[in-house]
Amino acid sequence: MNTTQKMNSLLSALLLTLLGTTFVNAQQPDNIMEKKIEVAFIMFDDYETLDVFGPAEIFGRLVDQYALKFYSLEGGVVSNRHKVPIMTEKFETMGNGPKIILIPGGMGTRKEVNNAQLLDKIEELSQTSQYVLSVCTGSALLAKSGLLEGKQATSNKRAFSWVVSQDTKVDWDKKARWKVDGKYYTSSGVSAGMDMALGFLADRHGIDFARKVAKEIEYNWTEDKDNDNFVAE
């Protein structure tokens with residue numbers, strides 16, 4: 001084999017190697033290329049502690065799939081009646097990637113249902129997010145924004161009448177632990193947010209996946225979303 005033939009042989013081998021590498025990369029599973037889904041917590045003063053930190057513990061363990069971020073109208077520190085502060089970013093810093101928004105409840109919702117600026121932001125973000133989750137009286141903010149009209153939803157059973165008054169055109173369920181209607185997930189009070197978050201994971205990743213997460217945090221998950229021990233009168 002002369003020098004020219006050897007050179008052509010080497011070039012052919014190099015070309016085949018490059019083509020093979022391209023093919024392998026093209027065959028990589030889609031989930032390797034997927035971005036983490038941002039879980040964007042919508043924060044305000046006097047939020048309920050477990051409404052936030054319960055789901056945050058569940059989603060936060062899944063560092064390969066989800067990224068937690070906390071936002072508020074003004075940014076900076078948001079605190080509640082338990083004196084638990086959370087550092088937040090302004091909504092304007094939120095990116096355009098795939099996201100879930102989560103709205104907690106708490107005594108602060110009594111004030112925030114009259115905060116037109118926050119309600120407008122919730123409506124805007126809900127329209128562009130993949131999923132919208134609320135815990136406890138957080139569903140009152142969704143209802144007041146008009147986003148739950150005609151949809152099935154639930155809320156904290158002790159504050160049920162007040163939440164219902166925010167929009168009577170919602171199909172409110174007095175009995176459910178959490179409800180799912182399209183991309184909207186709403187839960188009953190406080191600890192129910194953890195059950196809903198695990199239910200969300202079961203819907204997205206399978207029941208065994210959700211049960212594994214519940215076991216890791218030593219939590220007795222209420223898997224029946226349609227029956228709450230705390231029923232509205």
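In the largest nonpolar core there are 60 residues, and the ones touching the most other members are Leu133, Phe200 and Leu201. A nonpolar core here is a set of buried Ala, Val, Leu, Ile, Met, Phe, Trp, Tyr and Cys residues joined through side-chain atoms within 4.5 Å. Buried means under 20% relative accessible area, exposed over 50%, and partly exposed in between, with a 1.4 Å probe and protein chains only. Helix α8 contributes the most to this core, seven residues.

Before going on: this is a predicted model, with local features requiring pLDDT of at least 70 and side-chain atom pairs pLDDT 80 or more, while totals for chains, interfaces and linings use all residues. Numbering starts from 1 along each chain as its sequence is written, and side-chain values use heavy atoms, without hydrogens or water.

What does Phe200 touch, leaving out residues up to four places away in sequence? The list is Phe59, Tyr66, Ile100, Tyr131, Leu133 and Tyr185, where contact means heavy atoms within 4.5 Å.

Now the elements. The chain has nine helices and ten strands, taken as DSSP runs numbered from the N terminus: H or I of at least four residues for helices, E of at least two for strands.

Eight strands form an open sheet with mixed pairing, in the order β3-β4-β2-β1-β5-β6-β10-β9. Two strands count as paired if DSSP finds at least two bridges between them. On average, neighbouring strands are turned by 30° against each other, direction ignored. Strands β2 (residues 66–72) and β4 (residues 86–90) run parallel and are joined by two bridges; Tyr71 has Glu89 in β4 as its bridge partner.

Two helices to note on this sheet. Helix α5 (residues 116–128) packs on it, touching β1, β5, β6 and β10, and its direction makes about 145° with that of β5. Helix α8 (residues 192–205) lies across β2, β5, β6, β9 and β10, at about 150° to β10. Axes are lines fitted to C-alpha atoms, for helices over the stretch in contact, and angles run from 0 to 180 degrees between N-to-C directions.

Lastly, the whole chain. Of its 233 residues, 45% are buried. Among contacts between residues at least 6 apart in sequence, 66% join residues at least 24 apart.
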